[in-house]
Structure formats: C-alpha cells, structure tokens
Amino acid sequence: MNQNDLLNLTYASLGQAREAMTGMLKERRRDYSLPAPLYNDPHMFRLDMEEIFQKEWLFVGMTSEIPSRGDYFTVEIGQNPVLIVRDADGSVNAFHNTCRHRGSRVCTEHRGKVANLVCPYHQWTYDLKGNLLFAGTEMGEGFDMKQHGLKKAHCKVGGGFIYICLGKEEPEGDFDEFLATLDEYMEPYDVENTKLAVESNMYEKANWKLVLENNRECYHCAGSHPELLNTLLEWDDTNDPRAPQDFLDHYARQAAAWDAEGIPHEHKSFGLRNRIVRMPLKEGTQVMTIDGQEGCTKLLGRIKNRELGSMRILHLPNSWNHMQSDHFIVFRVLPISAQESLVTTKWFVHKDAVEGVDYDPARLRQVWDATNDQDRVLGEENQRGINSVAYQPGPYSKTFEFGVINFMDWYTDTTLENLEK
C-alpha cells in the first residue's frame, strides 16, 4: 500500500467517524450519559478536538499573569502550541507558537519575558505583535517579511479572563455580551492588581467530558469532599430545586450585605455555555480554606466584606472558577488524549501580598488539592468502568445532575452544529 492509499484510508475512516459521531449524538437520550465511544475512542477524541477545541472559545489564563510588556505564557491545545503575550501598548495577543520558517516552537518555556520573540532554531525574530523583524540575509532579496509574521489566534479579554479561539472564524453567539458582564462582575476584584500565587497541574486518566461532568454536579460531594464541604454549600443556585428555606434565608441576608457594598450578584446566564452566579458560603466562613477563615490578609480590589461568598463563573467547554474576598481560584481543563486530561488550578492574591507574611501557598492550596485529587480518582474510576463491554448509557438525575444535563445538551448541540458546517 503506497502513501496515497494510506492517506485515502485515513480520510475515509475519519469520514466514517464523523458519520458515526453524528448518528450517536442525534440518537442519544438527552437525559442519559453518552455512548462509550464518545468517552474512549481515539477517532471520536480527534473529532472533539476539531469540532470543539479548535472552533470554540477556550479559557487559557488571566491577564495578571502577564502584567508587563513582553510577559508571556504558553499553552498546548491538543497538538497546537499557543503563545499568549502582552505587547507594548498593553494589549494581550495570542499567536500560534510555530515559527514561519520551518515550524519550530518559538517560545519553549511555560512562562517568560522577552523584548522580541526569537525562534531558537534559526533566530527568526518577531515583535510582540507577531510581525517578522529578522530572517537573515540567507532568504534572498525577493523574500517578503511582511508575509511571514506569526499566525494569530482569535483572542478576547473580559474581567481579566483571557479566551482564545483557534478557528478560522470566531464562533457566533452572545460571547461579547458575556465578556461585558464579566467586566462588570469582576470590577470589584481589580484583576490587573492581582498576581499568581501558586499553580498546580494534575493529569487525570479520564476523558475531558468526564472531568466536566464531575464538576457540574455535587451529587457526589457528601461522600467524597469533606475538606470542600467545610465551607461550600452544595446548592448551585437559588433556583436549585433541592435548596431548603434556611439556605434561601441565608442567601437573602448575604445579598443585602452585597447590595450595601455595591457587589453585583444577580444570576447571569448566556445560553448553556456561560454562567455567573454569586453564592454564599457556610455561615461564619469567609473563603475556601480548610477552616473557612482568611487565606490572605489583603482583600482584593475594593472589597471590604470578607464574607463575600463565592462568585462562580462557568465557561464551557473547559473552565469553572471561584471568586472570593481575599483570593480567587481558576480552573482550566485541556484534553490530552481520548482518556487523559490536564486540569490546571491557579490561585491569585493581591499583587502587594507577600508570600509567607500575608498568605501561605500551602494553606491556599489545601482544600482544592485534596478536592482535585478526590475528583481525579472518581474520574479515573468512571473511565475504567465506561471502558467495560458491559457499560451502557445511564440516566442522569434531573434534580441532582441538572448541570450535567445542561453540559451534555451544550456539547451535543454544539458538536452537531459544527459537524454539519
């Protein structure tokens, strides 16, 4: 079999995979989990990467991670290395981290600071807006440097959150409205005057959708997360059908305090993809530390009330976040393979806070390090069970797992729409 035959076979199998995925998504019961191939098959995983992670808006990081000109960080979206950099006028840019000469990665470190972007292979040099500045005399007189700048990825910022899209065109929808609301709701935290305190990266041997499904419900919390439940109330919303009256009364008291301080808290949803909701923590607790007391002596932004609860921000397909009075936590999920994901957690504090004086990174991490590892075990056992020949899709609880149903509806509809374009 020659190379062309192999290519034709590959394209044929991908076409068959697209037909199979389309059929499974159209035929699935909306209140049931997915067929096994959508959790464990490499062909289905490739289509997830092509139709979701290469076409939709993805959360990558916070603007305060790159506070000054030339600060950058890198991220891998499947096989796509991406570079996020702050340029001279303060704008945040996203580029495909691949040199226009022979394709080498330009920035090989996770974080750094540069005057210009220099490829380590042959020293092709780009400015912070991606323009090619130097390619050497070896390219000849007819070489046009203007045609060989770094390729841009779509990049938008809202409330200090950085989102990128690798698609040729930006996805349609209400994303700009969500970003404007983020600006409003994140204003009290003054993200530009925060700093990254500590970061963790956890590899989970589970499909990325299982990671998100686990996050979208607290059905499992009582049996799995003792550290988290020291402060977290499992009710996800005042409209949660399980929420008791004492929780609603607690929320009303907290809402009055938030109003007095001018802290926005009205529930905001943008389809099934994006949601912002502020929820109180347990009475008498301040933030998600092991004892519920302060994580940092310095409050964020203009915040005065330590009992601010947690503003939860959801962005599908890859992020959930907890904004609190003295620190905030962001979570990012990136697929590695059909049965492996990378979960990154970052803790941010006031930029003037001094490590060891105002905050202890180990204390900040304690609750979510435990919770993340507990969720890792749950996800990996879920994956192993789904890999069994005995697995078949099972029913979601419409009261305890409505968040999972919403996620699966978003995934199904978005994937089908992108497959049919």
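In which sense do strand 9 and strand 10 pair, and over how many bridges? The close-ups below, taken from a predicted model, start there.

**View 1. The hairpin of strand 9 and strand 10.** Strand 9 (residues 154-158) runs antiparallel to strand 10, and five bridges join the pair. Look for G158 at this end of the story: its bridge partner in strand 10 is F161. Two residues sit between the strands of the hairpin, and G159 takes a positive phi near 60° there.

**View 2. Strand 1 against strand 10.** Strand 10 also pairs with strand 1 (residues 58-62), again in the antiparallel sense, this time over four bridges. Here M62 is the residue standing opposite F161.

**View 3. Side chains of strand 10.** In a regular strand, side chains alternate between the two faces of the sheet. For strand 10, F161, Y163 and C165 point one way, while I162 and I164 point the other way. Whichever way they point, these residues are all buried. With five of its five residues (161-165) buried, strand 10 is therefore largely enclosed by the rest of the structure.

View 4. Strand 6 and strand 7 (residues 125-126) are linked by two bridges, and L117 stands opposite Y126 of strand 7.

Key. Residues numbered from 1 in each chain as written. Predicted model: local features only at pLDDT ≥ 70, side-chain atom pairs only at ≥ 80, totals over all residues. Heavy atoms only, no water. Buried < 20%, exposed > 50% of the residue type's maximum accessible area, 1.4 Å probe, protein only. Pairing = 2+ DSSP bridges.
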